[in-house]
Amino acid sequence: MKFKQSSLTVGELATGHGLSVPLFHIAGKDSQAPKVFIQANVHGAEVQGNAVIFQLMKRLEQMDVQGDVTILPLANPLGINQKSGEFTLGRFDPITGVNWNREYLDHQIDVASWYQRHCELDDKALIAAYRAELIASCDAHLNQQWGVTTGKRLAVTLQQLAHQADIVIDLHTGPKSCKHMYCPEYDVSSAPLFSIAYTLVIPNEFGGAMDEAAFCPWWQLTEHMNAVGRDFQVPVAAFTLELGSQELIDLEDALTDAHGILAYLSHRGVVADKVEPAQMPRYGCYLKDYKKYHAPTAGLVEYKARLGHILYSGETLANVLRLDRFGTNEELTELVLNQDCVPILHFASASVYQGTELYKVMTNLFELYTS
Ligand SMILES: [Zn+2]
């Protein structure tokens, strides 16, 4: 086996049992090739990324791997084990209520003064120095005298691994969802390499998620360097892939997404083997055009719009049933939108409060092409 297995400790339970995560690593042949970090299942119910990792590792075992590859499945043991009845919760830290994927650290480095102190360095040395700065910042945060929350400890421990890589891929799923991915605006030409039809193009704003934690500090530095006249490109790539619905393992579908990741890694020279991206139509949407639709009324929901298919203006998004209003014109409410969109995901439960985030839809889509 090419992969070496170890384990990463991310916390401790009240009983003293350690929370550890299996960690897999392949040392690449070429120290100059990009280094990769892939993690899955930071949200407890979003298990499909583990299946994709399984298929990916099976393929990588047979390939000519040039760059270091570090893979962390089952990245949030506390979240994954947080079950209630038949379902996995695991989206929010049960102690603090904070979303597990909003806990990553915003380093808030003053890039102007940092660059001023390091502008004599060539690109390679500059990248190494900035990387060391980010890793040290994580370390300092974890070891501060006031301590950190359980969720912060997990996130910043993962972030420290991510900062060591040039390519970071965080595997998630939606609740009930079609496949989509988050891609930073500067890297939109990479999106069509993955086997994913819908891409959200995101700006240089830190919202606490892993992908942003990985690329924002580099994008900020790059923008500053470009502004002061130095030619430099963001050296780190980071993506969040949303691999369909939660609470689902599909090994055949996982093969499709493992192929997409390999097509990207092949393009980047992480593997010497040639892997062509899948032939399929792909669409982009700016984050500002990704709309949340909140339930205008409470009730029981019949989700009608098909995920990943265009819904034309005036077509039924969902029906809301109100037995308490039987015999009135409010017993059944048809929900429609007055613009065309592509529904990407919907709420997992069929009974909702008023104001529940019912659907997320892409509007103003544009086609993406492989270059
Ligand atoms: Zn998620």
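Student: Let me start with one side chain. Is Tyr 286 buried, partly exposed or exposed?
Tutor: One thing to keep in mind: this is a predicted model. Tyr 286 has a relative accessible area of 34%. Buried means under 20% and exposed means over 50%, so Tyr 286 counts as partly exposed.

Student: Okay. How many aromatic pairs does a search of the whole structure find?
Tutor: The search turns up 12 aromatic pairs. Take Tyr 198 and Tyr 283: their rings sit 5.9 Å centre to centre, with 25 degrees between the planes, and the pair is stacked. Tyr 198 belongs to strand β10 (residues 198-202) and Tyr 283 to strand β12 (residues 282-286), so the pair links distant parts of the chain, 85 residues apart.

Student: And are those two tyrosines buried or partly exposed?
Tutor: One of each. Tyr 198 has a relative accessible area of 9%, so that residue is buried, whereas Tyr 283, at 28%, counts as partly exposed.

Student: What about the rings of Tyr 286 and Phe 366: how are they arranged?
Tutor: Their centres are 5.1 Å apart and the planes are at 35 degrees, so this pair is tilted. Planes under 30 degrees apart would count as stacked. Tyr 286 lies in strand β12 and Phe 366 in strand β20 (residues 366-368), so the pair ties together parts 80 residues apart in sequence. Phe 366 is partly exposed, with a relative accessible area of 25%.

Student: Which rings are linked into a cluster?
Tutor: Ring pairs join Trp 114, Tyr 130 and Trp 218 into a cluster.

Student: Now helices. How do I describe two that pack together?
Tutor: You give the angle between their axes and the distance between the axes. Here, the axes of α3 (residues 111-118) and α6 (residues 210-227) come within 10 Å and cross at roughly 65 degrees. That makes α3 roughly perpendicular to α6. The crossing is right-handed.

Student: Which residues of α3 and α6 meet?
Tutor: From α3 you have Val 111, Ala 112, Trp 114 and Tyr 115; they meet Gln 220, Leu 221, His 224 and Met 225 of α6. By class, that contact has 6 nonpolar, 2 polar and no charged residues.

Student: What is Gln 220 in contact with, leaving aside its neighbours within four places in sequence?
Tutor: Val 111 and Asn 204. Gln 220 is partly exposed, at 28% relative accessible area. As for Glu 205, 15 residues away along the chain, its C-alpha atom is separated from that of Gln 220 by 9.4 Å.

Definitions and conventions: Residues numbered from 1 in each chain as written. Predicted model: local features only at pLDDT ≥ 70, side-chain atom pairs only at ≥ 80, totals over all residues. Heavy atoms only, no water. Axes fitted to C-alpha atoms, helices over the stretch in contact; angles between N-to-C directions. Helix = DSSP H or I, 4+ residues; strand = E, 2+ residues; numbered from the N terminus. Parallel < 35°, antiparallel > 145°, perpendicular 65-115°, else oblique. Left-handed = near helix turned anticlockwise from the far one by under 90°. Contact = heavy atoms within 4.5 Å. Nonpolar A, V, L, I, M, F, W, Y, C, P; charged D, E, K, R; others polar. Phe/Tyr/Trp six-rings, centres within 6.5 Å; stacked < 30°, edge-to-face > 60°. Buried < 20%, exposed > 50% of the residue type's maximum accessible area, 1.4 Å probe, protein only.
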